[in-house]
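Take a look at the model below.

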Amino acid sequence: MTLFRLDASILPATSSSRALADIVEAEWTAARPGSTVVRRDLAASPVPATVWQNAVTAGFTPEADRTDAQREAQALAKTFADELVDAEALLFAVPLYNYGVSQHFKTWFDVAYADERINPTGTALRGKPATLVTVLGGNYGPGTPKEGWDHATPWIRRVLEDVWGLDLRVVERPFTLVGANPALEEFADLAASLKETAEDAARTAGREIAEAA
């Protein structure tokens with residue numbers, strides 16, 4: 001069996017999202033020994049923004065008239081879709097950056113979405129078990145001063161759950177900048193508790209997607 005894992009953190013060495021995703025992956029591997037993990041690291045291999053334009057416009061262009069860039073973009077969209085379709089379970093590790101969706105993840109999604117198997121006319125991913133790991137430097141939950149400033153997680157959930165139809169679990173860890181930002185030191189105990197809760201949720205999610213695959 002295969003687990004597809006996507007990482008979008010731009011700071012691999014210190015990434016909190018990668019650390020949580022490692023926990024999910026470890027649980028998957030323990031439950032599915034001998035399985036394969038297919039990885040796509042969007043920091044190591046970012047997708048150029050122009051690829052999506054070329055992939056989309058290729059669909060409106062007669063095959064004989066397509067440019068090399070359009071053909072390459074279509075091939076990359078197929079590769080992205082293949083990785084998703086061929087896996088039994090999916091794992092996405094996507095941090096919140098500047099209150100919105102990581103440009104790396106958004107560009108990857110747009111290109112993958114250009115493949116007809118997972119675009120609005122029909123998704124080959126419906127019902128597939130998946131986990132979204134997301135981390136937030138601050139805390140944007142109910143009652144916080146910046147409640148509602150997380151504009152990434154709702155959108156990601158929308159496209160993964162409602163557009164692609166994935167059987168999705170979400171593991172979220174707020175306050176990852178506690179310890180790095182002196183202004184947040186008063187939240188050290190809360191941040192430690194939230195970290196522990198997120199790690200427990202990651203273990204549960206890893207076991208669940210392994211069972212559901």
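**A helix and what covers it**

The buried residues of helix α6 are A191, A198, A202, A205, G206, I209 and A210. Buried means under 20% relative accessible area, exposed over 50%, and partly exposed in between, with a 1.4 Å probe and protein chains only. Helices (H or I, at least four residues) and strands (E, at least two) are DSSP runs, numbered from the N terminus. This is a predicted model: local features need pLDDT of at least 70, side-chain atom pairs count only at pLDDT 80 or more, and totals for chains, interfaces and linings use all residues. Residues are numbered from 1 along each chain as its sequence is written, and side-chain values use heavy atoms, leaving out hydrogens and water.

Helix α6 covers residues 188-212, which makes 25 residues. From first C-alpha to last, α6 reaches 36 Å, close to the 36 Å expected at 1.5 Å a residue. The expected span is 1.5 Å times one less than the number of residues. What lies over the buried residues of α6? The cover includes β1 (2-7), α1 (16-31), β3 (89-93), β6 (129-135) and β7 (167-173).

**The sheet**

Several of those strands belong to a sheet. Five strands form an open sheet in the order β2-β1-β3-β6-β7, with parallel pairing. Two strands pair if DSSP finds at least two bridges between them. β2 (36-41) and β7 stand at the edges with a single partner strand each, so one side of each lacks a neighbour in the sheet. Neighbouring strands are turned by 15° against each other on average, direction ignored. Axes are lines fitted to C-alpha atoms, for helices over the stretch in contact, and angles run from 0 to 180 degrees between N-to-C directions.

Now follow β3. Five bridges join β3 to β1, and the two run parallel. Here F4 stands opposite L90 in β3. L90 also has a bridge partner in β6, namely A130. β3 and β6 pair in the parallel sense over four bridges, and L91 stands opposite T131 in β6.

How many residues of β3 are buried? Five of its five are, so to speak, under cover. A89, L91 and A93 are buried on one side, L90 and F92 on the other. In a regular strand the side chains alternate between the two faces of the sheet.

Helix α4 (residues 103-113) lies across β1, β2 and β3 and runs at about 130° to β1. Helix α5 (residues 153-163) packs on the sheet and touches β3, β6 and β7. The direction of α5 makes about 165° with that of β7. Contact means heavy atoms within 4.5 Å.

**The aromatic rings**

The structure holds 14 aromatic pairs. Rings of Phe, Tyr and Trp (its six-membered ring) pair if their centres lie within 6.5 Å; planes under 30 degrees apart count as stacked, over 60 as edge-to-face and the rest as tilted. F4 and W108 are stacked, at 6.5 Å centre to centre and 15° between the planes. F4 lies in strand β1 and W108 in helix α4, so the pair ties together parts that are 104 residues apart in sequence. F4 counts as buried because its relative accessibility is 0%. W108 is buried too, at 0%.

W108 also pairs with F105: the centres lie 5.4 Å apart and the planes at 40°, so this pair is tilted. F105 and W108 are three residues apart in α4, about one helical turn. F4, F80, F92, F105, W108, F109, Y113, W155 and W164 form one aromatic cluster.
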